[in-house]
Amino acid sequence: MPMDAKEIELKAKALTKAATQNEPAANIVSLLKELQSGVKATEDLLRSTRVGIIVNKFKQHKSPEVARLSSEIVSKWRNEVNKQKASGSPSVSQRSSGSPRPAQNGAASPAGTTPSDKMSKLSVPPDKRTWKADGVDVNQTSNKIRDSCIGLMYDGLCLNSTESPRAVLSKACAVEAAAFSALGPETKEQYRTKIRSLYQNLKNKSNPTLRVRVLSNEVTPEQFVKMSHDELKSAEQREQDRKIQKENMDKAMVAQAERSISTSLQCGKCGQRKVTYTEAQTRSADEPMTLFCTCMNCGKSWRQ
């Protein structure tokens, strides 16, 4: 049963409290799932309860499950509101998606035709989705290379997604069109390299929120194709890279044993007397120190 505005406000307050008090991710997931199933989104309802704003903040949560679920909910609510806005003129809404809507036979559907079940509903588990498994026609441009790239973008975007095949195809077409506009034509290696890079990042198991951000239009197709390798990474990946970089910097800054320069030591290889050395006690305390020597002229190292 759909929640009323008061119930939604209470859940939203509970979410805010869970975040400020650092409650376990499982508690937040539970609240989000209640909102996911209990909110029948309208523009007025989301605006009056501000629940959309609150849920949207959790897309940056450190828990991948919380971030993924909140992104899915925001995307779902946005799509519901957009459908309500466009219900008076569906043909305009369909054209604004930036790509033709294929019917089951691959031809464009006539205006006013009811969407096919194949394009509006999932027929395979989210983790098994591909454009072939979804029965989608990716031949949208009459260009073999570009259509292949649309299929690649579809496969990257649909993985583990519950969005309809139509929504994923529309986004895949938009991403390919943005890449073609920025880096095309399709014969350029730069265009094909970018498509492959975007696909690999979308399929990256350690960055599941990227697909959701692109599908929800949090990241537009134009922004997506221009993002750097670092920008494509998740917040968790960037933090891990930062830690590794800091560790390497710390190691590099560890004080090294001071090396002395001697003119009395002679290199046995080149005969020069420009030799640096360090001393270390490698034998018993009553024996002399060991010298570790390096010739500054030829680089030969030895100890004595």
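**A loop residue, then cysteines and helix pairs**

Author: T282 is partly exposed, at a relative accessible area of 44% (buried is under 20%, exposed over 50%, partly exposed in between, with a 1.4 Å probe and protein chains only). This is a predicted model, where local features need pLDDT of at least 70, side-chain atom pairs need 80 or more, and totals for chains, interfaces and linings use all residues. Numbering starts from 1 along each chain as written, and side-chain values use heavy atoms, without hydrogens or water.

T282 sits in the loop joining β2 (275–280) to β3 (290–295). Strands (E, at least two residues) and helices (H or I, at least four) are DSSP runs numbered from the N terminus. Leaving aside residues up to four places away in sequence, T282 touches T290 and F292 (contact is heavy atoms within 4.5 Å).

Now the cysteines. C295 is buried, with 2% relative accessible area. C158 is buried too, at 0%.

Next, the helix pairs. Helices α8 (residues 144–158) and α10 (residues 189–203) have axes that come within 8 Å and cross at roughly 15°. Axes are fitted to C-alpha atoms over the stretch in contact, with angles from 0 to 180 degrees between N-to-C directions. So α8 and α10 run roughly parallel (under 35 degrees; over 145 is roughly antiparallel, 65 to 115 roughly perpendicular, the rest oblique). Their crossing is left-handed, meaning the near helix is turned anticlockwise from the far one by less than a right angle.

From α8, the residues in this contact include I145, C149, L152 and M153. From α10, they include Y191, I195, L198 and L202. By class, the α8–α10 contact has 10 nonpolar, one polar and four charged residues.

Helices α1 (residues 5–20) and α2 (residues 25–38) come within 10 Å, axis to axis, and cross at roughly 160°. α1 and α2 are therefore roughly antiparallel. The crossing of α1 past α2 is left-handed. α1 brings I8, K11, A14, L15 and A18; α2 answers with I28, L31, L32, E34 and L35. That contact has eight nonpolar, no polar and two charged residues.

Methods
Ala, Val, Leu, Ile, Met, Phe, Trp, Tyr, Cys and Pro count as nonpolar, Asp, Glu, Lys and Arg as charged, and the others, Gly among them, as polar.
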